[in-house]
Amino acid sequence: MKKLALPDDILMQIDKPARYIGNEFNSVIKNPADVDIRFAMCFPDVYEVGMSHLGIAILYDMLNKRQDTYCERVYSPWPDLHNLMKERNIPLFALESQDPIKGFDFIGMTLQYEMCYTNILQILDLAGVALLNSERENDDPIVIVGGPCATNPEPIADFVDLVYVGEGETSYPTLLELYKEHKKKGFDRNSFLREASHIPGIYVPSLYEVSYKEDGTIAEFKPIYDDVPATVERQVVKDMDSSSYPTKMLIPFVRAIQDRVVLEIQRGCIRGCRFCQAGMIYRPNREKSVDVLKAQAKELLASTGHEEISLSSLSSSDYHALGELMDFLIDDCLSEGVNVSLPSLRIDAFSLDVMSKVQDVRKSSITFAPEAGSQRMRNVINKGLTVEDIIGGATLAFKGGWNKVKFYFMLGLPGETDEDMKAIPQLANEVAAAYYDTVPKEQRQGRCQITISTSFFVPKPFTPFQWAPMYEAGEYLRRAKVVNDEMKAQLNQKSLKYNWHHSDVTVLEGVFARGDRRLCPAILDAYNSGCFFDAWGEYFDFDKWLAAFEKNNISIDFYAYRQRDLDEIFPWDFIDCHVTKEFLKREWNNAMAGKVTPNCKMGCSGCGAKSIGSGVCHNAR
Amino acid sequence: MRVRVKFEKTGIMRYVGHLDLMRFFQKAVKRANLPIRYSEGFNPHQIMSFAAPLGVGLTSTGEYMDIDLKQEVSSKEGLESLNQNMVEGLAITGFKYLPDDAEKCMSAVTAASYMVTYKNPKDDACYIDNIIDLKEKFFDEAASINIVKKTKKGERELDLKPLIYRFNLEVKDNVPVYDLLLSSGSTDNIKPELVIKAFHEYLGLPEFDELSLDIQRVDMYTGEPESFVSLGEIGDEH
């Protein structure tokens, strides 16, 4: 029988013990003696969240295709187990072998959201690895992070050895070969890290120094040694068709958030919404060919036995052959008992037709994400969606039998006025009115249900809004109240429902998103005072964070609420995301002027991503 | 046509709960390419049902699920293709076609047999020298075994004696091993923990901890006490 790291009495008292036993179908088992490199791939959140992540699935498959590497998985132990592991000194282990990860060569973690930073420390702490990179020894694992937040890794600079900036498919082979070389000749941590800094996309935070001006902004950010590059170029897969994609995916016992085949149809987005980090850093838009997708869909359904397939991309409606792909999925899958779950599609005649084939119209809802209520504000954020699009789409849907609509908006966007906020419920009211105009009384199944959700805008690095100020928590709530009050004044208010988020966590997210390495001691103190699983409302403790900030002289005002100067040096400026700072400035000015920029298929706006040499920039028009 | 699949759930799979196991089998049947029948409607689901659920922490050599197939697959092929899609701790041991009038496994179960012992070889129960004599007094010679059973609605008095069809005990390497056959199913479902707890109380042992027991369900039965038939004996291989 497979050995387990946790004893029976612990497994029998914790929630969902199957999170910790491994043994999932399609998981990879190797003999550790047969490999040179043991890699612990970690998603620093709970199992069900981490197991749903496509990026890890791609890297797990890619690394395990190598004969010399055994890549295993690690997720954050839930607090119930965390406490027991601490109490009994049980070191954190990898799921496949159940071996402690302290003995591994690499601990890799993905940074999908800022609120996972304390969970990184939890992983290292439970593993028994020094939290600070300066305190690690030669035989400690190399701690490497990647993912979207790696585009500003500075707030965690003291905790990690390497940062992989960009898409993992490209530079891992070079990095692993270099590691093997160093291991063969007698491993010296410093000389390995130094040489790793020469690999494209690899950033070694300990090899850079930062000096600051009196006002707290950066004076200079530079490598300590001449051979260490001053800029790190974000890595991008050039050809999506030939890029490594798993033919098998793991089947968790505990139901994951994504309990389905996830098929990535393209990377990047042509739209250029000015608040959206993914829309900028994943440029250029690169599509997979439809034949590759058909083959991958078939293979993945067969190897997993999933009864649902879903498409993954930032904007599926923009995929060039969506009609052909959907026809294929519907014809080939539905008959086999496989559901097709739809990605968020632009609501039009095509998408409604597809939806009516795969969903029960009366039970499902249609979704719009206008992000802003007024046309003025939508121009500011460059969201090319008009009132006519929304009312027209909703009217078509109502004719087709739908009566539920979901709306997603953001509050606290740059330059937002009370009028812009009020436009949110007004738009929802118009949609409700369209329902009552469209559907005759005798055909209605009660009222239509329009749900409005708002989140609070957080400015992110490498977006045109990276210079924008945030608001204090109280101001966000005031804005939510403006929306709520206006909603109650609407004629169709009984058909409207409004949800909004908490605002403390938004402020903290804002601090981390544009933070620098002076935040490291505060994050460490917060963890030591008991903060982790900050992304989970029930564990988020803002007071502990405020105490950690105060102790370390961290001003929220400086990181979040301040309007930044156009020529300020940002902590992430050393990263080259291909999208140039000049373009972002131009877009910031366009935003302030309410000027819309065309999408990449309409015309090139010269963002800089064309230099990569593939994708939408080079497609024949 | 309906097929009864018999399987084992052992080792580390004891930590996987019933709902998770059901989801595992839905996907395994799909991977095995068995021509399973789906229900009608917008959310079609496989026609698949399980006999009595097994609690987390228990192992079993006699678990059953019934599935409905659109076409016949030979028992050998069905068993092999399912086994290729199992993980460590799950093994398919039977694949039999049911007669048309066979009751579904879920409602058919009337009894289950268990092998129960102690996880800790130094458990208090291992130090009672005359435990076999005491068992005879507790069970074989008793006219009734009255206990208080906690239910959702409160507590109720219950006589265990007529619901225990077999209660054998032997001591192996100083550790008591129980062989039980208990009433099971939708009415009078008796868990082995309940029986051992009553026995512990009779023995005068301190606080009973059900997690101290290592419980294996051996098999499940249908029919009446005088003529129990294993769920796995019903039907034929094709």
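This is a predicted model: local features need pLDDT of at least 70, side-chain atom pairs count only at pLDDT 80 or more; totals for chains, interfaces and linings use all residues.

Residues are numbered from 1 along each chain as its sequence is written, while chains are lettered from A and ligands numbered from 1 in the order in which they are written.

The model scores ipTM 0.95 and pTM 0.95. The average pLDDT of chain B is 95, and 100% of its residues score at least 70; pLDDT is the predictor's confidence in each residue, from 0 to 100.

Turning to overall form, the C-alpha trace of chain B spans about 55 × 35 × 35 Å along its principal axes. Of the 238 residues in chain B, 32% are buried, that is, with 20 or more other C-beta atoms, placed from the backbone, within 10 Å of their own.

Chain B contains five helices and eleven strands, counted as DSSP runs from the N terminus (helices H or I, at least four residues; strands E, at least two).

Which strand pairs with strand 8 of chain B over eight bridges? Strand 8 (residues 164-172) pairs with strand 9 (residues 175-183) in the antiparallel sense, where pairing requires at least two DSSP bridges. Within this pair, B:Arg166 has B:Leu181 in strand 9 as its bridge partner. Two residues separate the strands of this hairpin, and B:Asp173 in the turn has a positive phi of about 50°.

Definitions and conventions. A residue is buried if 20 or more other C-beta atoms lie within 10 Å of its own, exposed if 12 or fewer, and partly exposed in between; C-beta atoms are placed from the backbone.
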